[in-house]
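Student: Could you pick one part of this model and take me through it closely? I'd like the packing spelled out, cut-offs included.

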Amino acid sequence: MDILKKGEYTGDIISSFEIDGSIITNTHYSIKKNNPEWHYHENLHICFVFQGGKADTLKESRYTEKKGSIFFYHAEEKHRWVSTEIVSKSANIEISSAFLKMYDLPEYDVKLAIQNNIDAKTIILKIQQELLINSKASRPHVKSLLLELVSKSKSLNNKDLPQWIKLLIELLNDRWDEQLSLNEMSEIVGVHPVTISKFFRKYFSYTLGEYQRKLKIDKSIELIKNTQMSLSEIAFCCGFTDQSHFIRNFKIMTGFLPSHFRKF
């Protein structure tokens, strides 16, 4: 079994950036150079596959993640990657033990932060945008983004969340492409519309409108990289009023113009 040291990956590293002992890379994989052997990384490893997709075998159980997925591996957690596309691309973030200790971040808390963070993909793309610039001036911004990614508020991690909040989370994620009214949400989750309005920011850290836009951008990332749909079609599919509205929001949230991200 291969043991991958800091900064080593089974694909080709296109660009990299180091911050406080942690490594951030843009990595390309191909079927021709595929290495399906079991391996593990000596550090905690976060992989955002934004183009192509992977088949991932983890803990002896084989499964395929949807395109645009974020994979999380604890330090020394055995896994292997099998390329399913001619070329796939990912953003890798390798967090050193020194970084975790410096900022008092237990590995499991980092995993929860990634899983429950509506901004996880857009933050990683902002980091990738800084990787393109790759200047000393980028370092403080990258560090800030990295800390935001791994230490997001745990407001949606609480097991004691009210049942209606849990239902609302499921509703918003399952029906992200629908224009649900506050009254419709109220009827489905079983609380008064005023209750949703009053407590939404407390539990979600955003207004309802902001959260819904973030869900739409999150879904558009997959469509841009893994379909032939035009930007106007994607804007319509994701419920934006027009293409310019979609482009403006995508740029704000990811740092990329959609057309540039498609080529990235």
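Tutor: Handedness first: a crossing is left-handed if the near helix is turned anticlockwise from the far one by less than a right angle, and right-handed if clockwise. By that rule, helix 5 and helix 6 make a right-handed crossing. Bear in mind that this is a predicted model, where local features need pLDDT of at least 70 and side-chain atom pairs count only at pLDDT 80 or more, while totals for chains, interfaces and linings use all residues. Residues are numbered from 1 along each chain as its sequence is written, and side-chain values use heavy atoms, with hydrogens and water left out.

Helix 5 spans residues 163-174 and helix 6 spans residues 182-189 (helices are DSSP runs of H or I, at least four residues, numbered from the N terminus). Their axes come within 9 Å and cross at roughly 125 degrees (lines fitted to C-alpha atoms over the stretch in contact, with angles from 0 to 180 degrees between N-to-C directions).

Now the side chains: W164, L167, L168, L171 and L172 of helix 5 touch M185, I188 and V189 of helix 6 (contact means heavy atoms within 4.5 Å). Sorted by class, that contact has eight nonpolar residues, no polar and no charged ones (Ala, Val, Leu, Ile, Met, Phe, Trp, Tyr, Cys and Pro are nonpolar; Asp, Glu, Lys and Arg charged; the others, Gly among them, polar).

Stay with L172, as this residue also lines the second largest cavity, along with R175, W176, E178, Q179, L180, Q212, L215 and K216 (on a 1 Å grid, a cavity is where a 1.4 Å probe fits but cannot get out; lining residues have an atom within 4 Å of a point). That cavity holds about 60 Å³, and the model has two cavities of 30 Å³ or more (volume is the space filled by probe spheres set on the points, joined across faces, edges and corners). Helix 8 (residues 208-226) gives the largest share, three residues.

Note on methods: Helix = DSSP H or I, 4+ residues; strand = E, 2+ residues; numbered from the N terminus. 1 Å grid on protein atoms, 1.4 Å probe; cavity = no way out; pocket = protein on both sides within 12 Å on 5 of 7 lines; lining within 4 Å.
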